[in-house]
Amino acid sequence: MLEAVGLSKSFGQLEILSEIDLRVMPQELVFLIGPSGSGKSTLLRCCNRLEEATSGDILFEGVNIGSPKVNVNLLRTKIGMVFQSFNLYPHMTALENVMLALRKVAGKGKAEAREIGLAMLARVGLAERCEHYPGQLSGGQQQRVAIARTLALEPKVVLFDEPTSALDPELVGGVLNTMRELRESGMTMVVVSHEMRFAREAADRVIFMADGRIVEQDTAEEIFERPRHPRLREFLSQIN
Ligand code: ADP
Ligand code: MG
């Protein structure tokens, strides 16, 4: 579904990603872990061209996304992204936030956008809140609106960059439930998160990154129970 081949990314002289090879299969949930600054966000951002790779390729369904023929706006609907900060428009209701993407990006008419928007908000458990403004919603509910907005564009893959890191602990569970349901629906997902219990439960594969490289990758059980690389052992001992 999504593949990085020899992907490197530098900012100026500084190499942030070095020769990353990553393969995400359809319906797989790949978890990315690693210390702050190891390049996790940059890797996700390269995957939908929020950043341009310095060298190497990214293939989405076999097509090189770096090709000049690729429509970047369309690509970003197919490779959706959910950020730590939900980036909702505060003066628009939950429904209007979801509808905006459908109208502007997908070119849907008002009635259709409304119908899809309501269905997506229902899917993330917020049917009752569609007329609420972001300020009237909890952080967890706002993040679920942001997820609904991404799902409304019918992505093939969703990249999550620390979707629960900005939330109070009691609000994390609702967002993880939404992600769980998405996974059960067969969505292909790449998740950067510090929720290690969720990784154990939901991840098909866990990838540990350090210094812009993939250091170790395996099933969650192997990564957490039998970490091999000293960097991974050190990382796990710090977060537990
Ligand atoms: P992570 O998400 O694992 O914490 P990031 O991908 O955000 O790591 O960052 C990796 C490194 O790249 C960090 O050292 C960060 O300072 C640097 N970096 C990220 N974005 C930029 C940028 N736009 N310009 C310069 N350096 C950047
Ligand atoms: Mg990051």
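## Annotated domain and model

The unreviewed UniProt entry lists residues 2-236 as "domain: ABC transporter", a record whose positions follow the numbering used here, with shortened feature names and annotations that may be inferred rather than shown by experiment. Over residues 2-236 the end C-alpha atoms lie 27 Å apart, and the span is 38% helix and 26% strand, where helices (H or I, at least four residues) and strands (E, at least two) are DSSP runs numbered from the N terminus.

This is a predicted model, in which local features need pLDDT of at least 70 and side-chain atom pairs count only at pLDDT 80 or more, while totals for chains, interfaces and linings use all residues. Residues are numbered from 1 along each chain as its sequence is written, and chains are lettered from A and ligands numbered from 1 in the order in which they are written.

## Surroundings of ligand 1

Ligand 1 is surrounded by Phe11, Ile16, Gly34, Ser36, Gly37, Ser38, Gly39, Lys40, Ser41 and Thr42, a residue being near a molecule if its C-beta atom, placed from the backbone, lies within 6 Å of it. Helix 1 (residues 40-47) gives the most to this shell, with 3 residues.

By class, the shell has 2 nonpolar, 7 polar and 1 charged residues; here Ala, Val, Leu, Ile, Met, Phe, Trp, Tyr, Cys and Pro count as nonpolar, Asp, Glu, Lys and Arg as charged, and the others, Gly among them, as polar.

Not counting residues up to four places away in sequence, Val206 touches Phe31, Ile33, Ala199, Gln217, Asp218, Ala220 and Ile223, contact meaning C-beta atoms, placed from the backbone, within 7 Å.

In helix 3 (residues 94-104), the residues Ala94, Leu95, Asn97, Val98, Met99, Ala101 and Leu102 are buried, and what covers them includes helix 4 (110-123) and helix 5 (139-152).

## A buried glycine and an exposed glutamate

Gly140 lies in helix 5 and is buried, because 22 other C-beta atoms lie within 10 Å; the cut-offs are 20 or more for buried, 12 or fewer for exposed, and partly exposed in between. Gly140 touches Leu167, Leu171, Gly174 and Val175, not counting residues up to four places away in sequence.

Glu184, in helix 6 (residues 169-184), counts as exposed because it has 9 C-beta neighbours inside 10 Å.

Definitions and conventions. Contact = placed C-beta atoms within 7 Å.
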